[in-house]
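This report describes one protein structure with its ligand. Please look at the sequence and the structure first, then read on.

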Amino acid sequence: MPSYTDSLERLGLRSPVIQAPMAGGSDTAALVAAVNEAGGLGFVGAAYLTAEQIAERARDIRGRTALPFGINLFAPTPAPGPAPMMAEALARVAGFHAELGLPAPKEPSYAGDGFDRQVAALLDSGAAFYSVTFGLPPADSVAAAKARGLRVLGTATTVAEAVALEQAGVDAVIAQGSEAGGHRGSFIGDPAANLVGTMALVPQVADAVGVPVIASGGIMDGRGIAAALALGAAAVQMGTAFLTCEEAGPPEAHKQAILSAREDQTRVTRAFSGRPARGIANRFMEVVEDRQAPEAVLPFPLQNTLTRPLRTAAAKDGRAEFLSLWAGQGLRLARRRPAGDLVAELLRGTEAVRRALAG
Ligand SMILES: Cc1cc2nc3c(=O)[nH]c(=O)nc-3n(C[C@H](O)[C@H](O)[C@H](O)COP(=O)(O)O)c2cc1C
């Protein structure tokens, strides 16, 4: 096994700390720049951005830091199949619309994923890293990114997904354990079965692929980073720890929910987007998710489109009970602080644990 410092060099990383892409507005340009300037790697979750917005965000970041940053996309989304329980799906959110004074929900339609235009914008953005979740990066996008010198990363929740990503030509695999906050990257098999914890997933993936592994899920401090390195990872990708940083952009109600929640209060749910994602349990999740009638939650991205007006209004009103409160199981370790302080503490903490273990 190559040393983790060799793997870092191979990946062009200055340290093992990667701030996870967090589509939906949490990973502001200010957050990415602060992470970079403190010695980590900042990432933009651009899945919900248009090509023009990707270019604009990248300009904003380049104006704040000259250091490399990454951009993440959702792999191309096939058009969703029929939704036999559309009326029921609308009825489930209608009551919440009324509560927030919104007009009745409308039937969502699929407008295409805009992936090709997003990739074109990513390639022109000055980003040094291109990562995907929810699937394999298309071969032409991998070739185009590599031709421009970008490193390509893909997200796996099982060994089979990691091997498929390596065969697709990625430079590193992000092994996303079941503790992780936000959407699950699963794309082979039953996502409900792909809930393998980081501790179990990382060494199995590290044994199965030749490319470096980046551990993700439930890692919140130097102890977690040192543990991930011991399991065979070269770096870590952390979301929840960065969500409560001062520069991060989730609604204040979301930050508050993380800072006051317990480790047993998160659930994996399809209620907000139609794809499984981990967040703090709230009233919306409990009412909309119905294990007796799973088809009353529409397939991704239709459910995401259906619930967007509600989430936008809830964010404005500070109503945490209707927000997608994405968070990982390590949330009790989250603190409100500047991102630069967090990165410095992570790097110090990792070294302290490594020294202590070495005796
Ligand atoms: C608010 C939020 C949004 C996320 N959005 C994305 C995303 O757009 N793309 C992606 O690859 N991963 C996304 N993730 C997952 C992270 O990449 C990462 O796997 C996860 O945050 C790790 O678990 P942790 O939150 O316990 O650190 C998101 C996570 C959170 C918390």
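Phe134 sits in the loop between strand E4 (129-133) and helix H6 (139-147). Helices (H or I, at least four residues) and strands (E, at least two) are DSSP runs, numbered from the N terminus. Phe134 has a positive phi of about 75 degrees, although it is not a glycine. With a relative accessible area of 9%, Phe134 is buried. Buried means under 20% relative accessible area, exposed means over 50%, and partly exposed lies in between (1.4 Å probe, protein chains only).

The model is a predicted one, in which local features need pLDDT of at least 70 and side-chain atom pairs count only at pLDDT 80 or more, while totals for chains, interfaces and linings use all residues. Residues are numbered from 1 along each chain as its sequence is written, and side-chain values use heavy atoms, with hydrogens and water left out.

In H6, the buried residues are Ser141, Val142 and Ala145. They cover an arc of only 100 degrees around the axis, so they lie on the same side of H6. The arc is that of the directions from the helix axis to the C-beta atoms. Ala139, Asp140 and Ala147 are exposed on the other side of H6. The buried residues of H6 pack against helix H5 (115-123), E4 and E5; contact here means heavy atoms within 4.5 Å. Just after H6, Gly149 takes a positive phi of about 85 degrees.

Helix H7 (residues 159-167) has Glu161, Ala162, Ala164 and Leu165 as its buried residues. These cover an arc of only 165 degrees around the axis, which puts them on the same side of H7. They pack against strand E5 (151-156), strand E6 (172-176) and helix H8 (198-208).

**Loop residues**

Gly185 belongs to the loop between E7 and H8. Its relative accessible area is 0%, so Gly185 is buried. Leaving aside neighbours within four places in sequence, Gly185 is in contact with Thr133, Phe134, Gly135, Thr155, Thr157, Gln176 and Arg275. From Gly185 to Ala172 there are 13 residues in sequence and 15 Å in space, C-alpha to C-alpha.

Asp221 is in the loop between strand E8 (213-216) and helix H9 (222-230). Asp221 counts as buried because its relative accessibility is 19%. The side chains of Asp221 and Arg223 are joined by a polar contact of 2.6 Å. A polar contact is a pair of N or O atoms within 3.5 Å; within protein, one must be able to donate a hydrogen and the other to accept it, and residues adjacent in sequence count only if both atoms are side-chain atoms. Apart from neighbours within four places in sequence, Asp221 is in contact with Met238, Leu333 and Leu346.

Pro301 lies in the loop between helix H12 (283-288) and helix H13 (302-317). The peptide bond from Phe300 to Pro301 is cis, with omega near 0 degrees.

**Strands**

In strand E9 (residues 235-238), Ala235 and Gln237 point one way and Val236 and Met238 the other way, and all are buried. Strand E1 (residues 17-19) pairs with E9 in the parallel sense over 3 bridges, and Ile18 stands opposite Gln237. E8 also runs parallel to E9, joined to it by 3 bridges, with Ile214 opposite Ala235. Two strands pair if DSSP finds at least two bridges between them.

Elsewhere, 3 strands form an open antiparallel sheet in the order E7-E11-E10. Its edge strands, E7 (182-183) and E10 (266-269), each pair on one side only. E10 and strand E11 (residues 277-280) run antiparallel and are joined by 4 bridges. Ala277 in E11 is the bridge partner of Thr269.

**The ligand**

The ligand is surrounded by 21 residues, and the closest are Asn72, Ser216, Gly218, Gly239 and Thr240.

| Residue | Atom | Distance to a ligand oxygen atom |
|---|---|---|
| Ala23 | backbone N or O | 3.1 Å |
| Gln176 | polar side-chain atom | 3.1 Å |
| Gln237 | polar side-chain atom | 2.9 Å |

Taken alone, the ligand exposes 600 Å², and the protein buries 97% of that. Accessible areas come from the Shrake-Rupley method with a 1.4 Å probe; for residues, only the protein chains shown count as cover.

Terms used. A residue is near a molecule or strand if one of its heavy atoms lies within 4 Å of it.
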